[in-house]
Amino acid sequence: MQLKLSRSCISCLIVFITGSVRENKQNFGSAEQHPAEKDARLDVLVGVDLWVCVVIVSKLYPFNGGVLALKPIFPKWMNALPTILFFVVHGGVVLVIAGVWYYATPKFWEVGYMPTQPSTGFNHQIHAGKLGLDCRYCHTHVEESWHSNVPAVSTCMGCHAENKLNVDLASATDEKVQFIRDAYEQDKPIEWRNIHVVPDYATFPHNAHVNAGVSCYSCHGQIQGMPVVAQVESLSMGWCLDCHRNPTENLVPKDKVTDLFWVETEWFNKTKTDKDGNVVLDGAGQPVLEPRDTAERTHNGWTPEELTATLLRNPPLSCAACHY
Amino acid sequence: MSNLDQCPSTIDKATGSTKSSIAAKDDGVKLGKVSGKKYWRSLEEYTGTQEFTEFVHREFPKGASMLGEATRRNFVKIMGAGFAIAGVAAMPGCRRPDRKILPYSKNVPEDIIPGKALYYTTALPLPGGGVEGLLIETHTGRPTKVEGNPLHPNNQGKTSAFAQASVLGLYDPERLKFPVYNNPTRGKLDATWDDFNAWQKTHFAKFDENQGEGLAFIVDKKSSPSRQRLINAIKARWTKASFTMWNPAESRGAIDGSALAFGSPRFTSYDFSSAQRVVSIGSNFMDEGPEALKNSRTFASTRKVLNSGDSMSRLYAVEAKPSGAGSLADHRYRVAPSEIHNFTIALAKAVFSHTGVNATGLPDATVTGMTPKVIAEIAKDLIDHRNHAVIVPGDDLSPECWALCMAINSSLNAMGNQVTVTPMGADLSGNANEELAALTAQLNAGRIDTLVTLYANPVYDAPGELNFPSAFARAKTTITLNDAMSETEFASTWSLNGTHYLEAWGDAAGADGSLSIIQPMIAPLYEPAHSDIELLSTLAGDEDTDGYTIVRDSWALMGNGSVGSSGFESSWKRTLHDGVKSTQDEGGIGNLSMTKVLMAAARKGANNAPGQGSMDVMFYTSNNNNGQCANNGWLQELPEFGPSVVWDNPILMSPNTAKALGVLPEHSWQDEFNPYTKQQMPQAQKITVTLNGQSMTGAAWILPGMADNTLAVKLGYGREIVGKVGYSVGHNTYAIKPSTTGMTTRGASVKKAGGTYTIASTQNHWSLEGRHSLVRAMDKVWWDKYGNETKVVKDAVYGLEHSTLNAAEMIGELSHTPPNISIYENPMNDSTGDPDPTKLHHNKALDREVPPRYTQGPQWGMSIDMNSCTGCNVCTIACQSENNIPIVGKNEVAKGREMQWIRMDRYFVGDDLNNPDEILLQPVACVHCENAPCETVCPVNATVHGDEGTNDMAYNRCIGTRYCANNCPYKVRRFNFFDYGVVKFNGGLNPNYTSVKADELFEKTVAKDRTFNQNFIPPRLRKKLDEISKMQYNPDVTVRSRGVMEKCSFCIQRIHQARQDVKIEGIWTEDDQVGPIPDGFFNVACQQACPSGAISFGDILDPESQVSKEKESGRSYLLLGYLNTRPRTTYMMRVRNPNPAIRAFEHDPMDHGSHGDHGGGHDTGHDEHNDGHESDGHGETHGAAYIDRAKQYFDQGYSMSLKVLS
């Protein structure tokens, strides 16, 4: 009787625990799903399963009416319990720390954020890459303001107004740009989704960086090759400070700040050679590329001293440089 | 208390004090014999009561760290609710917030660069005439900050507190949003402007037939050419229509007096820059009047001595209530308004006896508290400085008295030199009180059919004896236009929503004849809304009633060519850009009729001194400007000059008078029981004031320096229908304001009404008890002797210059503190072990050679001149506006939780509680110590030092331990006990706020949901997030949340902005690494606003910068320099310039008596001196200076701690 009662208690407890876990999980999930009934059933199932387990365990280790006749109370393997516990606990701690170390970082959560933009979105690969528009054609005030503006709809309409482009091109893209024309006619903004977010308590002046010779590439990556823009850097404080402590490596000549292909070639497209000076080829017969050392960079004819001079002053490291 | 203005070791030169009888209230007073001068801020501090001692020993006042009414049960209840709500609220927070970017679409404003502020000129018309030129900072179309227009001749880039705070009025969520029609049968109905226009066309048609019979207008008194043109047009159309130019706080003295002296009303303008002797007769010339800012500027220019021997003006102030002018005066006399008249007569006789004017007709007049010899000496001093001496009469003197002052000016040759007069238009010179009284009679007789009120609120602010509200109700139709909710709006048939001055076109004429255009910064927030000129134009039947057209038409009529011509357009554009078109006319000297003035003055005779049964009453307006700004929280929470009272208008009187009446304030925390829940609010006694048969009940509060038997009554409080902030704050004092006299009157009687009333006063908050020499002053004769002297002190690691003390430092403790070894590594400390400032050092973190701290420019510093600060408080408001500082409400202020970063410390000087010798003002914000005590105690490094010498707060790091505030010797850190900044604080903003009536009045506004304290709810759950109020915030500054410490940041956002601008503009050259931001390239907010230029800010490594020059002056000293905190903000000692014939100079502050001669005595004398401090016999040895027990204890502790350190 007692046994049954305790078994029921345990199973109830299990049902309760699993149920509440499910409930919590539910809250994190998408708001569109409402499988509340299904979940209740699942909880019952899990509960029953566990109850069966308890029954089996109690069959294996029976104790009769509270008298533990000849059998020892604890099985022999339990002698190893302290050792096992030691490793489990310590391993658990290590795992938790490692987990936090890896997961609880902007690098894990932020990098790769690639939200869907309204309608057909904006293809940087076509505009900035293939067509070669300068970044500043649209982000006009990046050199003057701390805020790099997203262009007004009227800027898009400069090309995408009807009959503006080559007829073939226009007809090919007519449907895709209709949302621009609609927004323009209604004088309503297009609700672009913000990707690169610096928190409100931190200030990032675009103008100061761009004018000092920090390329767009440093923070935004090879955006001229992105059909859909995604975040490539963590934008965390440590990442900012890495550059502020050692800015020279990340500087490019001022005329190349927005030329991201040039920056990529300069920094990364070094053909890998082996000891004998032969070009290393990959499986497809293409030369393997590797990052270029700072000393090997050409700087488009600028000397490293000239580059550093664009800073005018060492980048600030104090808290109030960004937080105020 | 206890701030000695001289070397502490010389304080044995006891002068023998006359202890006030009030001080006897506390037996434990340890004043003893006081030498030098004593500095105190309040009655409690003066008497050293138990409560005050307890108050200052706590970092925050008792209860400041409590949650509401903090019993434990309450706490559990509150926290329970908080957790429950937080649990619900936390869930959606786990997802990445989806942030949108909304760029412009089709219509892109041409000039707007997102992220960059744009500045436009406009102007603020002042009530009663005059104008302030402004430059408004706008961010993507919304105005956020008011600054002065540097090109405007009146204020030259400076502003008043009223102008600074006006931007908050624009975003007042309780403004009128649409017209309301009060239907006689159906009650109040929401309406539109179209409804109104349709209605008015038929309604006003009848006036075409009877020439406007029964039509009356009340407009606020200001000088606007466009409005005057439209008024004339209406007068021409309806000849019988009457106009009342209403100004509830009008002083008649200057207007009627100038009419008496010069034949017609004149505006009087002063220029003090060439004045050497100034006598202010009941005048608050640096705080009031259209040219207050100009007066501040020109007068301050005569006080900024930098070196010994520099010339300096001398100011005599004869006044009833302490004012900014009185605080700067070298001789201040407290004289009741009635007797100010007598003083003027006596002074006139004395002056005329020298100049040969026959003044025998003038009566003999005596003044209480001033001997004839003093008056004769003043007169002699003026005569000696003829051509450079000027009398400034107060605007509310009697006309005869005012004219007599001008007569004195004339005989001193001040006319044309320091004083100029310009004709005053009829729109300003009319007698508002008489006009309103006449209108009231018409209303009561039932002769007014339609009453139109524009931007005036007579239902509230008409003198009580007119009983205007009932007269107003007798008009058949009333139409009222105003930008904010008001009593008159509420009582009207048509209540129309008007524009704020930042929303509409307009123009304003300055007192000197300059013309300013009021340019809108933003389209009306609640469209459609109309300005006064637009409504007048509609009523006048014009076709185009757009404000832009009206103003341009007026501009054309003022001789700028016809609209559209090239000459017109260029002058229009130039004026829009500059904000002002200056006049070419220089004011005239007027044609003063001496005999007429003397005859009038003789006829007037002398006044009797006021007595207890018949007191003098002076009405005055202060921060909230006659009640118009009652819903402006910044102005409500701004401590008033003098009593430092916020959110209230107690009736002020001298301590003697209050004692005689038995209405001295009480303090509620004397209750020993339950000390933790007891609120620490000072209690004022309620009194009933009766004047001319009208009476009101108010609270009595004391103000040292007030004339005896005089009541100072602040106007503009006790409003009923204004909004949540201003509702029922204080008492309505218009009830006793007479309709026949101006702002000063006689014959009031006071009765104790019984009961007490809570007052929130900041005068004791943030006290630095037990610290010496916070404020310092020196007579000019000693300044001339010692001003350029310096002393090299061995081991003094904390001087302004290395090991060198200047004159101001020598009279502080600095030359008396023992050798000090700093725990801070600072190359400027000059001690062994500190880095060499000339050499590079290896930085481990950066792994490269770097110069030591504080040696590379720019290094920011500030200097505050106590010789020119007038206590106008504009710095506090400018800072509040720039840095998104919240308001907290009366209850919170009373608990010591006010948030303003700049506090205005006001010290009374001397031993007489009733008649302090002088008043010293010291604005204190974070002083940005190089060796900052706050930084070492922060457990999370939230407050750290910047490379440029600023002490920075990283708000997002702060966890709210408040250790920093505890360790700050200056008490300048402010803590967000609640989410003051996120929403408009609703938990006790206004303790008088009761929901019943207010809900009825504002059912369409935000006045609901007040049943529980909203501050305990997480921000995202608050229903009433005040979107409109948020628009005022400066986007460059973080809005701090609950649990975060904050303080002055040296406007770090402006510093960064300037640095970026300088870089991008290429002003920062490569080889110019030191001092790259030119001096004056930017201003910090307080410096930018300060009318007297008392605040300077800049790079202290740049020897050419203004701040460096001021810091080099012998007047410059460090606040608590002996603590070796090395503050970056320095203060400049007050130099007094008393008349030796009236007051003997103080004894030599450097005379060290037994210490031997000044020069060498100190270097060798340190050790002995230190012993002296430690020994109990200190008092006896030095002849019993003021040292109380507690203070002595601290001194010992301090000495001991130094011993431990060394």
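Okay, so let's start with where the two chains touch. In this predicted model, the contact takes 39 residues from chain A and 37 residues from chain B. Which parts of chain A does that side draw on? Five elements each supply at least two residues: helix H1 (2–28), helix H7 (153–160), helix H9 (178–186), strand E1 (192–193) and helix H10 (206–211). H10(A) gives the most, with 3 residues.

E1(A) pairs with strand E2 of chain B, residues 100–101, in the antiparallel sense over 2 bridges. If you want to find the spot on your screen, look for A:Trp192: B:Ile101 in E2(B) is its bridge partner.

Quick reminder for anyone new to this: strands of a sheet pair through backbone hydrogen bonds, either parallel or antiparallel.

With that in mind, over to chain B. Here we have an open sheet of 7 strands, in the order E7-E6-E18-E17-E16-E8-E9, and its pairing is mixed. Why do strand E7 (187–190) and strand E9 (242–246) of chain B each have one side without a neighbour in the sheet? They stand at the edges with a single partner strand each, so one side is left open in that sense. From one strand to the next, the twist averages 15°. Zoom in on E7(B) and you'll see strand E6 (residues 180–183) of chain B, running antiparallel to E7(B) and joined to it by 4 bridges. There, B:Asn182 stands opposite B:Lys188.

Further along chain B, have a look at strand E29, residues 744–758. Strand E22 (residues 615–620) of chain B pairs with E29(B) in the antiparallel sense over 4 bridges, and B:Met618 stands opposite B:Thr744 there. Strand E26 (residues 682–691) of chain B also runs antiparallel to E29(B), with 7 bridges joining them. In that pairing, B:Gln683 has B:Thr758 as its bridge partner.

Last stop, two helices. Helix H3 of chain A, residues 81–103, has 23 residues and reaches 31 Å from first C-alpha to last, close to the 33 Å expected. How many of those 23 residues are buried? The count is 0, and H3(A) is hardly covered. Then there's helix H20 of chain B, residues 566–578: 13 residues reaching 18 Å, close to the 18 Å expected. Just after H20(B), B:Gly579 takes a positive phi of about 85°. Okay, over to you for questions!

Notes. Residues are numbered from 1 along each chain as its sequence is written. Chains are lettered from A and ligands numbered from 1 in the order in which they are written. This is a predicted model: local features need pLDDT of at least 70, side-chain atom pairs count only at pLDDT 80 or more; totals for chains, interfaces and linings use all residues. The expected span of a helix is 1.5 Å times one less than its number of residues. Two residues are in contact if their C-beta atoms, placed from the backbone, lie within 7 Å. Two strands pair if DSSP finds at least two bridges between them. A residue is buried if 20 or more other C-beta atoms lie within 10 Å of its own, exposed if 12 or fewer, and partly exposed in between; C-beta atoms are placed from the backbone. Axes are lines fitted to C-alpha atoms, for helices over the stretch in contact, and angles run from 0 to 180 degrees between N-to-C directions.
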